[in-house]
Amino acid sequence: MITARLLGGLGNQMFQYATGRALALRLGTDLALDARATDAKGGHWLNGLSAWQIRTVPPADLPPDRKGAPLRYAIWRATTRRLLRQQGHGLDARVLNAPDDTYLHGYFQSEGYFADHADTIRADLTPSAPLPPAAEAIADRIRGDATTVSLHVRRGDYLSSGAYGTCDGAYYARALDLIRARVPDLRIHAFSDDPAWVRDNLSLPVPMEVVELPGAGPEVDMHLMSLCRHHIIANSTFSWWGAWLNPAQGKIVVAPEVWFRDPALTNADLIPAGWLRT
């Protein structure tokens, strides 16, 4: 069995799931998810993969908890060969050929970890439950329009983050120009944790619908993003996944050239080949 530790918000957890799932598939074994860290933090850090009914395993079947059983954890760390902690922020090639019974610890932000099982990962992360009626109405509009572009604005915790900064209006204008040079007639569906800010501050020369679905889970927004034909993402793993889950071969995806505010953080393997940057 492969075990993947969940860390961070939903987008990060999806990278951890996809990496562990692909490794398990290569080895012909099962995947277990350790959600103790995300469950302990609560709030939007909770295990977001439960929305897809992806199972986690009980603590009794996991390695000792560092905070709950520090001595047993220290002994486990000193004696185990199971733990594989990611080195750096880019692709850690050791993960690709890790043996069965590996415990994965890291963010694994690259499709290089799971590109060989992309179809399975996309199927796993497509909602099986019916969408709420209001979301289904939006989905119908998106499916019936080949000119749709998902646009994601991340604010919230990014406003005070030392590692990340928010993308400004100039970025979204440049990104739109890149897509319009290839597809002149476009219609934007905008997604954000601050939709009021988008309505009041983001003015673009194409029709734009700001999507608001009170009470719907974040996986609904992400699924609607994935239904759009093209994508303008923020420096956010949430909209990275909204774009990546779209299987269309001819999609255009634009990502920000600067992903991290902190210059010490770099990941050359984060943006897939073929995506544009500005």
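**Exercise 1.** In this predicted model, strand 1 (residues 2-5) and strand 2 form a pair. State in which sense they pair and over how many bridges, then describe how the chain crosses from strand 1 to strand 2.

*Solution.* Step 1: the two strands pair in the parallel sense, over 4 bridges. Step 2: between strand 1 and strand 2 the chain passes through helix 1 (residues 10-27). Step 3: this β-α-β crossover is right-handed.

**Exercise 2.** Find where L31 is placed and decide whether L31 is buried or exposed.

*Solution.* Step 1: L31 belongs to strand 2, and I2 stands opposite L31. Step 2: buried means under 20% relative accessible area. L31 has 14% relative accessibility, so L31 counts as buried. Step 3: in a regular strand, side chains alternate between the two faces of the sheet. In strand 2 (residues 31-34), L31 and L33 lie on one side, A32 and D34 on the other, and all are buried. Step 4: beyond its neighbours within four places in sequence, L31 is in contact with residues including I2, Y17 and R55.

**Exercise 3.** Classify the aromatic pair of F15 and W240, and explain which parts of the chain the pair ties together.

*Solution.* Step 1: the rings are 4.6 Å apart, centre to centre, with 50° between the planes, and the pair is tilted. Step 2: F15 lies in helix 1 and W240 in helix 9 (residues 237-244), so the pair joins parts 225 residues apart in sequence. Step 3: F15 is buried, with a relative accessible area of 0%, and W240 counts as buried at 0% relative accessibility.

How values were computed: Residues numbered from 1 in each chain as written. Predicted model: local features only at pLDDT ≥ 70, side-chain atom pairs only at ≥ 80, totals over all residues. Heavy atoms only, no water. Buried < 20%, exposed > 50% of the residue type's maximum accessible area, 1.4 Å probe, protein only. Pairing = 2+ DSSP bridges. Right-handed = clockwise from strand over helix to strand, strands pointing away. Contact = heavy atoms within 4.5 Å. Phe/Tyr/Trp six-rings, centres within 6.5 Å; stacked < 30°, edge-to-face > 60°.
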